[in-house]
Amino acid sequence: HIAFESPGSRGHVPEGLMASADLGRDAAGWQVTVSPADPAAFTARFERQRLLYFLLLVLVIGLLGFGSYATARAVRRELEVAQIQSDFVATVSHELRSPLTAIRQLAELLVRGRVGDAARRQEYYEQIAREGDRLSRLVDTLLDFARMENGAKDYHFEALE
């Protein structure tokens, strides 16, 4: 709605809903005023849009908050899993080194001929065999664990006293 108003006249449009411009010196005080044809409908539409934008802003802030929370939670879980894996590797490496160290020490004594007694040599051979079996059981347990993790091995649980 565009209106040309003479000096002193005023239309029925509220002040905040119109834009006017002075036509300059040559127009002798005349103005061009632009305003909505239905100010009430314009105001209602403006309020609806403002509410919509506010709700969208709240939604975006909520989504950002939820996304940040979900990301932080996922990162925390990944760090916990990494710590558990690190502890597992440290424990397994320690458990594997113990029998290997015993085998190497006993084998070195036998290879260098530092065990003169036949009974003692037999004892060392038996100890090497026991440590080898222990090492083999550890490796089998690790492989079973890996199969269980991959779902390739089934376990059937039953109640026992």
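R112 pairs with E108 in a salt bridge (a side-chain nitrogen of Lys or Arg within 4 Å of a carboxyl oxygen of Asp or Glu), with 3.6 Å between the closest N and O atoms. R112 is exposed at 54% relative accessibility, while E108 is partly exposed at 42%; here buried means under 20% relative accessible area, exposed over 50%, and partly exposed in between, with a 1.4 Å probe and protein chains only. The structure is a predicted model, in which local features need pLDDT of at least 70 and side-chain atom pairs count only at pLDDT 80 or more, whereas totals for chains, interfaces and linings use all residues. Residues are numbered from 1 along each chain as its sequence is written, and side-chain values use heavy atoms, with hydrogens and water left out.

Turning to R134, a salt bridge joins this residue to E95, the closest N and O atoms being 3.6 Å apart. R134 belongs to helix α2 (residues 118–150) and E95 to helix α1 (residues 39–111), so the pair ties together parts 39 residues apart in sequence. Helices are DSSP runs of H or I with at least four residues, numbered from the N terminus. Both partners are partly exposed, R134 at 28% relative accessibility and E95 at 31%.

R134 also forms a salt bridge with E131, where the closest N and O atoms are 3.5 Å apart. These two residues both sit in helix α2, 3 residues apart, or about one turn of the helix. E131 is buried, at 13% relative accessible area. Through shared partners, salt bridges join E95, E131 and R134 into one network. By the salt-bridge rule, the count comes to 6.
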